[in-house]
Structures are given as structure tokens and as C-alpha cells.
Amino acid sequence: MLVDRNIETDEVETREEESSINNELAELSKYVEMITGTIRDMEAPVATTSDQLPQATAHLNDLAKMTEEGTHRVLALTEAIETNRTAVFSALTQLQGSLTGGQATDVGKVVELLKADERRLMDIHVALSFQDLVAQRVVKLVTILNEVQHKLLKLVVIFGIKKKKDGTAGKDGGRGSEMLRQLEASKTTALEQNLVDDILSEFGHS
Amino acid sequence: MSLIDTSLKVLVVDDMSTMRRIVKNVLKQIGFSDLTEAENGQDALNKLKGGGFGLVVSDWNMPVMQGIDLLRAVRADPELKSLPFLMVTAEAQKENIIEAVQAGVSNYVVKPFTAEALQGKLEKIFANIQAAKG
């Protein structure tokens, strides 16, 4: 009698456990279905983005190249103007020496104006160093984009969204993250020349 | 009266052709006429070992060999170790400057710079050389 009651209790417990497991499996199944749906939704944007990134990289490289070419063009023109300015300056200085009175004064004024332009031309030259800074930032952005592309390709392959075309393995060295960190840091922590000079003076450099 | 010895042969080191051209033009305006270019630290080191240079103006961030490694190589070479070395760079974090000073940089100019800033730094380098000579 006692044995029968024990067997009955065990059966009830087993049924309850089975029911609980079934409920959990049903929940899990719903969750997997939801995740599969999310991955399916990701398919188009991830595939499009991984296709667009090489284009973005190419555009950035073109941008660096174009600014370099444009800068050389402006440099060449300012160099030509400086050559002419130097020649005119020299000729007028000679002329001034052979003149007297008001004529010498007038030519002297022109000579002074030409002298002032020397500094302005040099300022134009030096201002063009922006191109180097732009190019350095572009290089950092390209590195970051390449890393994002590799990671996206991994995602694409892992979830079977799309087979990789070139079959190359993505490099996960974290260089892009480091570049991103440098790029962000340069916005807030790059030092101005006067601060650099303060640090140099601490080390005995004036 | 400028202390800058413009008769010296100068090596301008930068991977960007625009920057080499800009720095060379500023140096020409100061009065230098013997100017040579190098695209990276290794290229620069090879040229320096050829002899004859009296001043190096170098960028930091370059492929193949960085400016800071060039500086260390110069300071480690018995023939080159006393060469004045001006770093002209966008690398302007405090740790960069300390690293450059510890490696033996003569002075440091941050990009974007002005012609006056570059000239001022060269004046200081040559003043220090004069002072060291006594």
C-alpha cells in the first residue's frame, strides 16, 4: 500500500518535471525563433554595409590624393609669384638707388609693399600644411574602416548571411580601435605649441 | 643678428611630399640653400650615413621608420650623435614630447606651425650649440 502510494507520488513529480522542461523548451524555441528573425532582418543592412565600406575607403583615399594634388598646385603658383616678387623687388631696389627726391620715396613705398608680401606668401605656404593633417586623419579613418569591414565580414560568414568573395580572413589586431582612440584623443588632448614649449622647458629645452 | 648657420646642409624628412616642399620653402626663406629630402626614417638614415649633413628637420609619424626611431638611431651613431635634430610633427601629446626629449631631440615644433615658429626654434637650437661651445 505504502509502495503504491510512493510510486504514484514519483509519477506525479516526473510529470511535473516534464511539463516544466517542455515549457522551458517552448520558451527557448520562441527565443531562438526571435533571434533568427533578428538575424534575418540584419542580413540586408549588414550585406549592404560590408559592400559599401570599400567604396567609402576608396573615396577617403581619393580625398587625400586630391588635397595633395591641390596643395602642390597652390604651392607651385605661390612659388612662381615669389620668384616674380623677388625679381621685381630687386629691380625696384636698384631703381630706387638711382632716383632722388619724391620719385625715390614713391619707389621706396612700392618696395615696402613687396617686402610685406614676402611674409604673406610664406604664410600661404605654411597654411597649406593643413593637407598633411588631413591626410594623417584620412589614414587613421581608412584603418578604422578596414577593421570594421573585417569584423562585418566575420559576422556575415558566422551567420551565413553571405559567403566571403575573396576568402580572406579578417585581421583582428585592434589597430583600428587604437587609431579611433588616437583620433578621438587628438580632438581634446593635442597640445598647442605654447604648452609644448612649457613641457620642453621643464626638460631644459627653451 | 641670427645665430642660424645657413651654410649647413639640411635633411628634411617627411612622408608627405607637400610637407617636405613647405618646410624646404620656409628653410629657403630663412637662408638655407643646401636642402635634401627623405621620405621616411630609413631613407633619412641612409642619406645621413653618406655624410655632410649639419641639421635634420623630421616628421614623427612615417612608414618604414618613424621619426622617433630615426632620432634614436642618430643619437646612437658615433658619427651622427651631435647632429641638431628638430622634430616637426602633429604628434603633440605630452608623452610624445617627453619621449622625444628623452631620445635627445634638439627642439620640437607642432603642426600646423608658422614660419616664425620654425625660425624661432632653429634660433634656439643654434644658440644652444653656441652656448655649449662656450
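The model is predicted.

Start with the two chains. On chain A, 25 residues are in contact with 25 residues of chain B. Which helices of chain A each supply at least two residues of the side that touches chain B? They are α1 (2–98), α2 (101–127), α3 (130–158) and α5 (193–202). The most comes from α3(A), which gives six residues. Now sort the residues on this side of chain A by kind. There are 13 nonpolar, 10 polar and two charged residues.

Next, follow α2(A). This helix has 27 residues. From its first C-alpha to its last, α2(A) reaches 40 Å. That is close to the 39 Å expected at 1.5 Å a residue. Which residues of α2(A) are buried? They are Met122(A), His125(A) and Val126(A).

Now turn to a pair of helices, one from each chain. Two packed helices are described by the angle between their axes and the distance between the axes. Take α5(A) and α4(B), the helix of residues 94–103 in chain B. Their axes come within 10 Å and cross at roughly 40°. Angles under 35 degrees count as roughly parallel, and 65 to 115 as roughly perpendicular. The helices α5(A) and α4(B) are therefore oblique to each other. Their crossing is right-handed.

Which residues make this contact? From α5(A) come Val196(A), Ile199(A) and Leu200(A). From α4(B) come Lys94(B), Ile97(B) and Val101(B). In this contact of α5(A) with α4(B), five residues are nonpolar, none is polar and one is charged.

Notes
Residues numbered from 1 in each chain as written. Chains lettered and ligands numbered in written order. Predicted model: local features only at pLDDT ≥ 70, side-chain atom pairs only at ≥ 80, totals over all residues. Contact = placed C-beta atoms within 7 Å. Helix = DSSP H or I, 4+ residues; strand = E, 2+ residues; numbered from the N terminus. Nonpolar A, V, L, I, M, F, W, Y, C, P; charged D, E, K, R; others polar. Expected span 1.5 Å × (residues − 1). Buried ≥ 20, exposed ≤ 12 C-beta atoms within 10 Å, placed from the backbone. Axes fitted to C-alpha atoms, helices over the stretch in contact; angles between N-to-C directions. Parallel < 35°, antiparallel > 145°, perpendicular 65-115°, else oblique. Left-handed = near helix turned anticlockwise from the far one by under 90°.
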